[in-house]
Each structure stands twice: as C-alpha cells, then as structure tokens.
Amino acid sequence: MEKKQVHSRRLGSSWLERNKKTLVLLSMAAPVAIWLLLLRYLPMGGIVLAFKDYKVNPRNPSFISNLIHSKWVGLKNFAFLFKTNDAWIMFRNTICYNVVFIVLGVIIPVALAIMMNEVTKKYVAKTYQTLMFFPYFLSWVVVSYFLNAFLDAQYGMLPAAQRAAGEAVTSWYTTKGPWPFIIVFANLWKNVGYTTVLYLAAITGIDATLYEAAAIDGATKWEQVRYVTLPHLRTIISILFIMNVGKIFNADFGLFYNVPMQNGALFSVTQVIDTYVYRAFMVTGDISLSSAAGLLQNVLGFICILGANTIVKKIDEDSSLF
Amino acid sequence: MTRKRKLRLNAVSPGTEAVIHVILAAFSLCCIIPFIFVLIIAFSSEESIRAIGYSFTPLSWSTEAFRYAFDKLPQIWRSYFNSILITVVGTVLSTLMCAMYSYVLYRPDFRFRKFFNFFSFFTMIFGGGLVPTYIVCTQLLGLQENYPALIVPLLVNPFNIIVMRAFFKSSVPLELIEAATIDGSGEYNTLFRIVAPIAKPGVATIALLNALAFWNEWYLSLLYIKRNKVLQPLQALLMELQNNVQYLNQMAGQLGAAAIAEAAKMPSQSLRMVLVVLIVVPIACAYPFFQRYIVAGLAVGSVKG
C-alpha cells in the first residue's frame, strides 16, 4: 500500500525528482570535471600557438588579442626548430636517457627483488626495503643538494679530497663527460627502490609450492629463478616496459633541471624536451618555438602510448590501459 | 621440524646469501648515506667547512646555522608556514575531490560513467603543453602571485582517480550501496559514512600521495611566483639558493654594505643544508608509518599505472 503510494508519487514527480540520483552524482563529479575542463581541456585549444608567429599587439596587448592578430605561419615554427642544433640535442638526450632508464630500470629492480626474496630473515629484508624506498619520497631539489654535498666545486667531498691529496680538482658542474652517468645514477638512485618493491610484491604472490616442487625435482636456485620466478614476472615486466616506452618522449623535468643545478655549460648533455620547452618560454620568451616543441612532444607521446597499449593488449587484455 | 627442513631445502647456500646481503646492504646504505651526510654538514661549524670542506668527520660541531636560520631569516619561518599551509589545504581538497569523482566512476548505475571515465583518462595521454596551460592559469584564472597558484594546478591527478576507484571496487561490495540507498541514505552520506570508512586504506594511500606531492612542490612556485616571493614554500626557497647563495640576505631586506657585512657572518654553507634537513626530517619521521600504505597502494595501482 505504502509502496504503491511512493511509486505513484515518483511517476507524477517532476523531471528534477526523477533524475535526482544522476544529478547528485553529477554534482559529485563536478569539481574534478570543472578542473579538468579549465586546466586540461581549455589549454588544448592553445595548440594553435604552435602554428602562429606570436607577436604582441601594441594596441591591445592582452593574450587573446595578441593571438588573433598574430599571423598564421603553418609549419614554419617546426621548420625553424629543426634548423637549430637544440632540436637534435634535446630529442637525442630525451630518447637516449629514457632508453637507458628503461633497460636498467627493469634489470636492476628485478635482480634486487629476486635477491630480497631469498633473504631468510624477513625483518632484515623489510629493513632493506625501507631504506631503498626512502629516496622515492624526496623531491629533485633535495636530491640536487645531496649530490651537491659530494660534488660542490668549493666544499664538496670529492673536490676536497682531491685538494687534500694535492691532485687537480675536477670541476663537476662544468665538465660534461661524467654527466650522462651522474644523471642515470641519480635517476636509478631515486626510483629503483620503488620498482623493486613493486616487483617484490609480484614475486611474493607466486605460489611457494611451485618452488618446493622444483626443488624436489632437483632444480638449483638458478633454475628456479629461470623457470619459475621470471616466467611469473613476465607479464608485469612487459607491461611496465611497454608503458615506459610509451612515455619515451617525456623526461622528468626535475631531474634534468635541478640535478645539474641549471648549469649552462652542461646543456648539451642535460637539455631534454621538457627543459627546452620551459627555457624557450620562460627564459628566452619565445612562445611560438616553445609551443611547437611542446606540441611535437605531446603528439609523438600520444602516438607512442597508443602503440604501446595495442601491444600490451595483445600480451594481456586485462592489463592494457584502455 | 618439517617446516625447518623445507626452509633449508629451498634456501640459497649460506655463501650466496652472504653475497646477497652485501649487495643489498650496500645499496640500502647508498640510499640513506646522502641524507646522513647532509645532516652532518648542517651541524658542522662554518670554520670546519671552510677549512676541510664538507666532511663526514668535521673538525668541530655547531648549531649556529640552525640558530641563525631561525633568528635572522624570518623568510624561513614564513616558507615553512607556506609549505605546511599548502600541504594541508591541498591534501584535504585533492583527496576530497578525488574520492567524489572516483565514487561516481565506481557506480555502475551512473548514466554518464563512461563519459567521465574517458574525460579524466584522456588527460593522462594528451595535453595542451606548458605554454597554453600557463596562459590559461595566469590570464584567465588569476593563478599568479597567490596561494591558489600553488595549490589549484596540482589538485587533480587522473592516476590517483584510477587507484582510488580500484580500491573502492575491491573493498566495497555494490550490494552495500544498494542497501544504503534503500534505507534512505543520500549519495553524499553513502560516500562519506559508508564507502570511505570501508575503503580507509585506499583513502589514506591517496591522501599520503597527495600530501607528498604538495610538500615536495617547487615547480608551481617556479612558474607562478615571480614577484611575491614571500609565498615561496621551502622547496622553492631551496631551489632559489642553488645559484644564488646571497638570496637569503636579499629576502631579509638587506642591501649594500650591510648585506656584505652580514653575509660574511652568515654560515651560508651549513645554512643551505639546514634547509634540506628542515624539508626532509618531516618526511623521514612520518615515513616508517606511511610506508605500508604506499606499498598497499602500489599493489592495487601498479599495473594500471
């Protein structure tokens, strides 16, 4: 009886009443949706900047009026970008560093995770994990000071040691040679712990009876790793690997901007697309070139992610991103 | 007895395990030693640094740099306050927004679920780039030289939405939502009184990730705080010191001869490291407690990252 009443009231109610649930849920999605619209989707319209010769309009120097009065130049910004040495350097650096990060970022954490799993005392393994994971939570600014404590030209530990020994002092922040290694080392130092924990979680999930069976059949530890552990990790390794390949045009701005302490002498080995986009815009003030480089990075990255995702889908349907 | 034998059967030889311990211990130490080094430098006396450089065994110890930082440089207090303010406000807002959006995506009966899912996801794989985003923030939204500029651009992270939704899915059965709705619970009530408490580890994970992101923030300050530098959080202050050791004096309003005289007295080398210590110590103290939440979050969100 009562139920019937409710039902009839709902039928006779207004559109607002009938869609109440959807409207309430919409109101919950609204803050993030509005944020995305303003800070992510609206700027996508700014892509046109890459095809314009952005000039300040002296009569009305607001951004919109500048944009409207700037001339369309087609692909000229891109052509100009590739005539400079910068384009070659930043694309080379971004891709090469990422390739090294991806390869070492698989081998080292997997090796460490396998070793960690063999530690018999669990609280010791926990301690290792806690220590290794720590750098992941620090900012690149802090890491740059950690490194500076060792390399600082005047007071750093290494130059001080050289000075004490009467040797010639290496000026670390102006010598290009060691920087590819320093960058790779800094990146591994900060991120290996995180990835190791990730792989360790996957290894702990492997059924222990598989190892026991293998051991009873006379498999050595190496064979157990080779035929039990690695095959179980294959999916997660390939997915992380391919997802990283998808991000090959993106560099970690903080790493390349802060760790070399913004030293101009090191640009040829530390300049990546992200730092170029920032410097062309904020330092040189070249909006058109900066936009062109940024757009190129986004489009290439987009293609790479789509490609990577297609491959992941073939390996494991559930693990694909979309 | 059998358990013991099993363990021995499957354990590596003691020699191999020793090698493993050496490698793992070496890497673990390598991860923590720079922090210890910086801590030592912060407590080294300026004379020792001038004489033998940064060293694990300084000639003499001193808390001068800490005292100087807090007595003579009010900007450090202000920046500390800025960092805390940004972290607290940013974490609360971003976690709240993320929870609401994820809850909507988790509801299979929501009519526009697919659309909103794609709406947030697409921004993970494509964007307008730095220049247009900067222009929208400064010209349209007025995010420049103020606190919102240090908070708003970092409020949403689509990756966190995916992780939070995965937490909801794995810990809250849909029948519970249905039951709550039948009992007359509104959507907001259901989310905050029923879903969030059950998915507490998930909410905690996201809140921690957000707090770390805000605490470690320097990029937004680099972009949006150009003149009103008193708003700089600690990280940005530290970054400014990279190429300008005199920056702290300038901030204290000292110029000309007075600045040079003061700069001579300032323990500038250990002072920089004092700032690093001030930033890292809160993380290091909270770290043992939040580590397990982050690990739990990793397990849920790892593959979909």
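Trainee: Leaving aside its neighbours within four places in sequence, with which residues is B:Val104 in contact?

Mentor: Two residues are in contact if their C-beta atoms, placed from the backbone, lie within 7 Å. By that rule B:Val104 is in contact with B:Phe110 and B:Phe116 in chain B, and with A:Leu25, A:Met28 and A:Ala29 in chain A. Please keep in mind that this is a predicted model, in which local features need pLDDT of at least 70 and side-chain atom pairs count only at pLDDT 80 or more, while totals for chains, interfaces and linings use all residues. Residues are numbered from 1 along each chain as its sequence is written, and chains are lettered from A and ligands numbered from 1 in the order in which they are written.

Trainee: To which nonpolar core does B:Val104 belong, and how many residues does that core have?

Mentor: In soluble globular proteins, nonpolar side chains tend to be buried together. A residue is buried if 20 or more other C-beta atoms lie within 10 Å of its own, exposed if 12 or fewer, and partly exposed in between; a nonpolar core is a set of buried Ala, Val, Leu, Ile, Met, Phe, Trp, Tyr and Cys residues joined through C-beta atoms within 7 Å. B:Val104 belongs to the largest nonpolar core, which has 159 residues, and B:Val104, B:Val38 and B:Val276 are those with the most contacts inside that core.

Trainee: What do the buried residues of α6(B) pack against?

Mentor: Helices (H or I, at least four residues) and strands (E, at least two) are DSSP runs, numbered from the N terminus. The buried residues of α6(B) pack against α5 (74-106) and α9 (158-171) of chain B, together with α3 of chain A; B:Phe116, B:Phe119 and B:Ser120 are buried in this helix. Helix α6 of chain B covers residues 113-125, and its 13 residues reach 19 Å from first C-alpha to last, close to the 18 Å expected at 1.5 Å a residue, where the expected span is 1.5 Å times one less than the number of residues.

Trainee: How many residues does each chain bring to the contact between them?

Mentor: Chain A gives 75 residues and chain B gives 77 residues. On the side of chain A, helix α3 (residues 20-44) supplies the largest share, 16 residues. That side has 56 nonpolar, 15 polar and four charged residues, where Ala, Val, Leu, Ile, Met, Phe, Trp, Tyr, Cys and Pro count as nonpolar, Asp, Glu, Lys and Arg as charged, and the others, Gly among them, as polar.

Trainee: Is A:Met115 buried or exposed?

Mentor: A:Met115 is buried, because it has 22 C-beta neighbours inside 10 Å. This residue lies in helix α6 (residues 85-118) of chain A, and, not counting residues up to four places away in sequence, A:Met115 touches B:Ile20, B:Ile23 and B:Leu24.

Trainee: Into which domains is each chain divided?

Mentor: Domain bounds come from an automatic or database domain assignment. Chain A is divided into domain 1 (2-54) and domain 2 (76-139 + 175-319), with C-alpha centres 37 Å apart, and six residues of domain 1 are in contact with six residues of domain 2. Chain B is divided into domain 1 (12-71) and domain 2 (73-301), with 29 Å between their C-alpha centres, and 14 residues of domain 1 are in contact with 12 residues of domain 2. On the domain 1 side of that contact in chain B, α4(B) gives the largest share, six residues, and the residues divide into 11 nonpolar, one polar and two charged.

Trainee: Where do A:Met261 and B:Glu145 lie?

Mentor: Most residues other than glycine have a negative phi, and most peptide bonds are trans. A:Met261 has a positive phi of about 50° although it is not a glycine, and A:Met261 lies in the loop between α13 (253-258) and α14 (267-270) of chain A. B:Glu145, likewise not a glycine, has a positive phi of about 55° and is found in the loop between α7 (130-140) and α8 (147-151) of chain B. A:Met261 is partly exposed, with 19 other C-beta atoms within 10 Å, and B:Glu145 is partly exposed with 14.
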